[in-house]
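Please look over the sequence and the structure first, and then read on.

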Amino acid sequence: MSTVTHDIVQKLWNLCNVLKDDGVTYHQYVTELTYLLFLKMAKETGTESQIPKGHRWDDIEGKAAPDRLEHYKLTLIYLGTHGSTLVKEIFGNASSFIKKPATLSTLVAEIDKLDWYSAKTEGLGDLYEGLLEKNANEKKSGAGQYFTPRRLIDSMVALMKPTLSDVIQDPAAGTGGFLIAANHYILGHGDSDSWTEAQQRKYRRGTFYGMEHVQDTHRLALMNLMLHGLDSDPQAAGIRYGDTLSPEGEALPKATCILTNPPFGTKKGGGLPTRTDFTFPTSNKQFCFVQHIYRGLKPGGRAAVVLPDNVLFEGNVGKQIRADLMDKCNLHTILRLPTGIFYAQGVKTNVLFFTRGETDKGNTKEVWVYDLRANMPQFGKRTVLTREHFAEFEKAFGKDPLGSPKSLAKRKDTGEQGRFRKFTRPWIAERSESLDISWLKDDSDGGSDELPEPAALAREAMSELEGAFEELRGILAELGEEVEEVRA
């Protein structure tokens, strides 16, 4: 992020102080700001034709201060059913949290004073994504559950190497970070000016797909995609508003590349998903998403998925799903991520890299595990996660996004003292299909390598407890969403 963009993001973020006295939360503020920024940016970019006359930025700004709030609220309702498809999606069921006319007048005046010429030059997409990141880092907003650190996203995308020929999907799209990063990669590793008309059409209407089931988050995603040059068309590609774990998810097209960070926790009320195509019904969201992902890949398609530790070791249906995953896919690599990089400090996560096989049996022969968790700093505001932290892993992973036998043969097992080790499929089967594999003594938490049996049992119990806490966090996050919906 450039200095200019950083300064504008900070000024926009500071405006939330104006709303505090009006009882508006951080997450509500970003949603509110999205409505105003959309209208302002449409004016600045000359795209106001998609907004009906009488409901544009100048119309709101031109109202007398006492009448401005009432006109603004009517505009939000009107744009939910009028204007372009994108306008109707962004303003669908929109309502304002602002109660005082003076508050809106201050926001309009301050937004108008920003250096929009520089903002356009630097990139409006980077500006908006900076605002989303600010919101995710503010613990009180609760938005961290939707935001995967950009450095991690960039690393996953670089290893998966998306191309124009791919059908790319994020079934838990959040604010669209993975799809935007994949788009950056495609444009940065090819000559888009030389694309044929057919390639341009494929890029616009058949490359990027996603789904998000929280409407406020969905509108943030649409705004984010638009500002990065990716127009969302519900009839073609783009991020759809819906529940991936319902029949809506079955309608997503088969993908050749899936990049995602599914939500943690259990389905609301502890019930089963309404989809009927899952072999292993479960209320655990992560296991449902895992099934969606490997079922949603075309043969030869690849995926990189962020998942919490409990997915790697939970028994019963979890064990069955892991075995099915390793049968249908080549689960070639697991990256054990450091702690502290997500909004909930205690959450321990991993990235699973796998490729769908041409057949449904015996695709995983060996699993390589890279431990980037043991003896790593506690990341947070003091120690910031950077792309450099992933450099050694990316080098060890190699250049093949598919994890072919030829590329895996070039990898080097670093042994018990190193971070990268290979484990055979039979060895994993003997451990009840557990993929929660660690070997390094972690001086930061007192962990050890070969544990005696009682200690191993205690560690397994603690891991299961951590999994329960992760599910509880997910439930609490969902309750927060429901509270916000009731308030709205």
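## A covered helix and its surroundings

Helix α10, which spans residues 150–160, is mostly covered, with 9 of its 11 residues buried, where buried means under 20% relative accessible area, exposed over 50% and partly exposed in between, as found with a 1.4 Å probe and the protein chains only. Helices here are DSSP runs of H or I with at least four residues, strands are runs of E with at least two, and both are numbered from the N terminus.

This is a predicted model, in which local features need pLDDT of at least 70 and side-chain atom pairs count only at pLDDT 80 or more, while totals for chains, interfaces and linings use all residues. Residues are numbered from 1 along each chain as its sequence is written, and side-chain values use heavy atoms, with hydrogens and water left out.

The buried residues of α10 are Arg150, Leu152, Ile153, Ser155, Met156, Val157, Ala158, Leu159 and Met160. Their cover includes the helices α9 (124–137), α11 (177–188) and α18 (391–397), together with the strands β4 (255–260), β5 (297–308) and β7 (349–356). After α10 comes Lys161, which has a positive phi, near 50 degrees.

In the loop between α10 and β1 (168–170) lies Asp166, while Leu132 belongs to helix α9. The table sets out the accessibility of these two residues.

| Residue | Relative accessibility | Class |
|---|---|---|
| Asp166 | 5% | buried |
| Leu132 | 4% | buried |

The side chain of Asp166 is joined to that of Arg302 by a polar contact of 2.6 Å, a term for a pair of N or O atoms within 3.5 Å of which, within protein, one must be able to donate a hydrogen and the other to accept it, with residues adjacent in sequence counting only if both atoms are side-chain atoms. Beyond its neighbours within four places in sequence, Asp166 is in contact with residues including Lys161, Lys202, Thr256 and Arg302, contact meaning heavy atoms within 4.5 Å.

Leu132, when residues up to four places away in sequence are not counted, touches Val30, Phe147, Thr175, Leu220 and Asn224. Between Leu132 and Ala221 there are 9.9 Å from C-alpha to C-alpha, although the two are 89 residues apart in sequence.

Turning to the whole protein, there are 21 helices and 9 strands, and 55% of the 488 residues count as buried. Of the contacts between residues at least 6 apart in sequence, 76% join residues at least 24 apart.
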